[in-house]
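The following exercises concern one protein model. Please examine the sequence and structure before reading the solutions.

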Amino acid sequence: STTAQSLDEQNGIYLATHLHKAFDRGLISFSSEGKLLFSKNLDPDARKALGIPTTAALPFLPERTKEYLTWHRSHFGFS
């Protein structure tokens, strides 16, 4: 990311450590509506072992956060 993107308060979401690592590795992402998405590379048994709930969602997403999530989904191949 650019310096401006790194400093943008809307370029980030608060997640538990294990979810944050999964997000950074492209194993999970979020839709523009905040719905949790799973990568095809995340084995269902691994998801269960990590305790990642299938119904998790982010309750509120500012517009710029949605733009960053669009990039994240594209970068990691979420369709």
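**Exercise 1.** Which helix gives the most to the lining of the largest pocket?

*Solution.* The model is predicted: local features need pLDDT of at least 70, side-chain atom pairs count only at pLDDT 80 or more, and totals for chains, interfaces and linings use all residues. Residues are numbered from 1 along each chain as its sequence is written, and side-chain values use heavy atoms, with hydrogens and water left out.

Step 1. The lining of the largest pocket comprises 16 residues, and Asn11, Phe23, Tyr68, Trp71 and His72 lie nearest its centre.

Step 2. Two elements give two or more residues to this lining, namely helix 2 (17–24) and helix 4 (63–75).

Step 3. Helix 4 gives the most, with five residues.

**Exercise 2.** Identify the buried residues of helix 2 and state how they are arranged.

*Solution.* Step 1. Buried means under 20% relative accessible area, with a 1.4 Å probe and protein chains only. In helix 2, Leu19, Ala22 and Phe23 are buried.

Step 2. Viewed down the helix axis, the buried residues of helix 2 fall within an arc of 100 degrees, so they line one face of the helix. The arc is that of the directions from the helix axis to the C-beta atoms.

Step 3. These buried residues pack against strand 1 (28–30) and helix 4.

**Exercise 3.** Where is Ser6 found, and which residues does Ser6 touch?

*Solution.* Step 1. Ser6 belongs to helix 1 (residues 3–7).

Step 2. Leaving aside residues up to four places away in sequence, Ser6 touches Ser1 and Asn11; contact means heavy atoms within 4.5 Å.

Technical notes. Helices (H or I, at least four residues) and strands (E, at least two) are DSSP runs, numbered from the N terminus. On a 1 Å grid over the protein atoms alone, a cavity is a set of points where a 1.4 Å probe fits but cannot get out, and a pocket is an open set with protein on both sides within 12 Å along at least five of seven lines; lining residues have an atom within 4 Å of a point. Buried means under 20% relative accessible area, exposed over 50%, partly exposed in between (1.4 Å probe, protein chains only).
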